[in-house]
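Welcome! Here is a short tour for anyone meeting this structure for the first time. Take a look at the sequence and the model, then read on.

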Amino acid sequence: MNQLTKEQIDAFVASIRGNVVRPGDDSYDDARAIYNGMIDKKPWMIVQLSDVADVISAVKFCAENKVSVAVRSGGHNGPGLSTVDGGVVVDLRELKGIRVDTENQTIRW
């Protein structure tokens, strides 16, 4: 991970419409818990995304700053691949929208 300034981190957090959970926050242990209770990784930050703009911001931030990232969708991955020690968990669980285009007969989620 690149050395990040407080200003860079604050700007990233401010760009997220969802929740950002960090060590020390009351919800941290619940937010980092996964289905396999034997896995006890401690992410640096958990980004609970609320829309596509959050996804773009989180992925861009991690890529530009060489931050390790794990993607969580349901948290049921047995080996614990949906979490990471010292990196960012990009949590997709709140992205539940479905878009139906009747004219083109397509569905996107």
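Predicted model: local features only at pLDDT ≥ 70, side-chain atom pairs only at ≥ 80, totals over all residues.

**The chain as a whole**

Let us begin at the N terminus: from there on, the elements follow the order α-β-α-β-α-β-β-β-β. The C-alpha atoms fill a box of roughly 50 × 35 × 25 Å along the principal axes. The chain has 109 residues, and buried ones make up 33% of them. Its accessible surface is about 7200 Å², and 51% of that belongs to carbon and sulfur atoms.

How do contacts span the sequence? Among those between residues at least 6 apart in sequence, 59% join residues at least 24 apart.

**The nonpolar cores**

Which residues touch the most other members of the largest nonpolar core? They are F12, M45, V47, F61 and V88, in a core of 14 residues. Two or more residues each come from α1 (6–15), β2 (45–48), α3 (52–64) and β4 (88–91). Helix α3 gives the most to this core, namely three residues.

Leaving aside residues up to four places away in sequence, M45 touches I9, F12, V13, V20, V21, R22, G87, V88 and V89. There is also a second, separate core, made of seven residues, with Y28, I46, A70 and V84 among them.

**The aromatic residues**

Next come the rings. A pair of aromatic rings is described by the distance of the centres and the angle of the planes. This structure holds two aromatic pairs, compared here:

| Pair | Centre to centre | Angle between planes | Arrangement |
|---|---|---|---|
| F12 and F61 | 4.1 Å | 10° | stacked |
| W44 and F61 | 6.5 Å | 15° | stacked |

Why do these count as stacked? Planes under 30 degrees apart are given that name, so the pair of F12 and F61, with planes at 10°, is stacked. F12 belongs to helix α1 and F61 to helix α3, so this pair ties together parts that lie 49 residues apart in sequence. In the other pair, W44 sits in the loop between α2 (28–32) and β2, while F61 is in helix α3, and the two are 17 residues apart.

Together, F12, W44 and F61 form one aromatic cluster. Are its members buried or partly exposed? F12 and F61 are both buried; for F61 the relative accessible area is 8%. W44 has a relative accessibility of 23%, so it counts as partly exposed, since buried means under 20%.

**A closer look at S15**

Our last stop is S15, a residue of helix α1. With 33% relative accessibility, S15 counts as partly exposed. Which residues does S15 touch, not counting those up to four places away in sequence? The answer is D54 and S57. S15 and A53 are 38 residues apart in sequence, and their C-alpha atoms are 8.9 Å apart in space.

Methods:
Residues numbered from 1 in each chain as written. Heavy atoms only, no water. Core = buried A, V, L, I, M, F, W, Y, C linked by side-chain atoms within 4.5 Å. Buried < 20%, exposed > 50% of the residue type's maximum accessible area, 1.4 Å probe, protein only. Helix = DSSP H or I, 4+ residues; strand = E, 2+ residues; numbered from the N terminus. Contact = heavy atoms within 4.5 Å. Areas by Shrake-Rupley, 256 points an atom, 1.4 Å probe, with all protein chains shown as cover. Phe/Tyr/Trp six-rings, centres within 6.5 Å; stacked < 30°, edge-to-face > 60°.
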